[in-house]
Amino acid sequence: MSPPILHRLAVGVEVTTTTVAAPSYQMTKRNRNSSASGTSPSEQSKPPTKQDKKRHNKHEGAAETIYQVLVVVKQPQHPEAHTRQIDKWDFSKLKNNIEDVVTEEFFNEIDCSSEQDYSVSDFKLAILSLACLIALFACLYGYFVPHPESGVVVGPCSILYFFLMGAFVVHGAYFDHRDVVAAVQKNGSKLFIRIYWERYNPNVHVVALRQAKNAPKPALLQEKFACVGDFVYEDGEISRDAVRNFLKVWNMHSQ
């Protein structure tokens with residue numbers, strides 16, 4: 001049995017308890033006095049005294065304490081927030097969700113002082129935005145200006161659009177490593193975590209690289225192989241505790 005399954009059996013214990021609400025003070029007092037004196041409930045409807053109110057508040061406090069204890073017992077000691085449960089046979093969804101969990105756990109639990117680096121995403125977004133603006137300008141210009149006269153503007157815009165899209169494709173194929181984690185640490189260095197996972201292969205190759213502040217390219221920090229079954233339960237839920245423990249054994253903090 002894999003560690004996540006053992007972990008689930010350890011912390012996922014639930015206690016099913018049926019709580020019967022105690023009757024209100026007035027009902028309890030009326031029934032008690034009616035059975036003791038033989039009078040009707042209407043004759044016993046008197047306002048409660050201070051002692052009766054104290055006793056009633058004491059019972060309510062005890063019931064609230066029992067409820068809180070039951071809630072603590074029912075919930076796991078370390079509940080996994082933002083639970084992700086997916087189809088474990090869908091490779092694309094499984095890979096994307098595991099990468100998202102790795103990113104969330106790194107910045108929330110492993111190295112909270114680091115900041116996420118969006119430079120690569122910003123560069124791709126800038127290329128696509130510029131290409132869309134050029135295409136929109138060409139469409140509007142061709143709409144308001146007839147065809148023969150608009151060719152001198154629409155033609156260059158079309159060429160520039162396809163040039164930008166080609167640059168985007170080349171960047172994604174050769175320069176974008178699709179880092180799962182791209183973090184800027186306190187000392188100015190950058191940390192990258194990359195996951196290499198081939199389809200239909202249960203083994204995952206995880207690589208961590210660090211790039212110094214003025215270094216031209218990152219250097220290998222650590223690498224490790226793992227099995228995808230160590231991070232996924234049998235029902236398709238991703239174990240955040242397993243991912244967190246996998247990242248904690250690495251020395252990835254800023255030095």
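The following legends describe close-up views of a predicted model of a protein chain.

**View 1. Confidence along the protein chain.** The mean pLDDT (the predictor's confidence in each residue, from 0 to 100) is 74 for the protein chain, and 65% of the residues score at least 70. Among the helices and strands (DSSP runs numbered from the N terminus; helices are H or I with at least four residues, strands are E with at least two), helix H1 (residues 3–11) has the lowest confidence, with a mean of 40, whereas helix H5 (residues 119–144) has the highest, at 94. Residues 1–45 have a pLDDT below 50.

**View 2. The position of aspartate 176.** Aspartate 176 belongs to the loop that joins helix H6 (147–175) to strand S2 (181–184). Its relative accessible area is 13%, so aspartate 176 is buried (under 20%; exposed is over 50% and partly exposed in between, with a 1.4 Å probe and protein chains only).

**View 3. The surroundings of aspartate 176.** Beyond its neighbours within four places in sequence, aspartate 176 is in contact (heavy atoms within 4.5 Å) with Val120, Lys124 and His171. Serine 121 is 55 residues away in sequence, yet the C-alpha atoms of serine 121 and aspartate 176 are 9.5 Å apart.

**View 4. Polar partners of the aspartate 176 side chain.** A polar contact of 2.9 Å links the side chains of aspartate 176 and lysine 124. Such a contact is a pair of N or O atoms within 3.5 Å; within protein, one must be able to donate a hydrogen and the other to accept it, and residues adjacent in sequence count only if both atoms are side-chain atoms. A polar atom of the aspartate 176 side chain also lies 3.0 Å from the backbone nitrogen of arginine 178.

**Notes.** Residues are numbered from 1 along each chain as its sequence is written, and side-chain values use heavy atoms, with hydrogens and water left out. Local features need pLDDT of at least 70, side-chain atom pairs count only at pLDDT 80 or more, and totals for chains, interfaces and linings use all residues.
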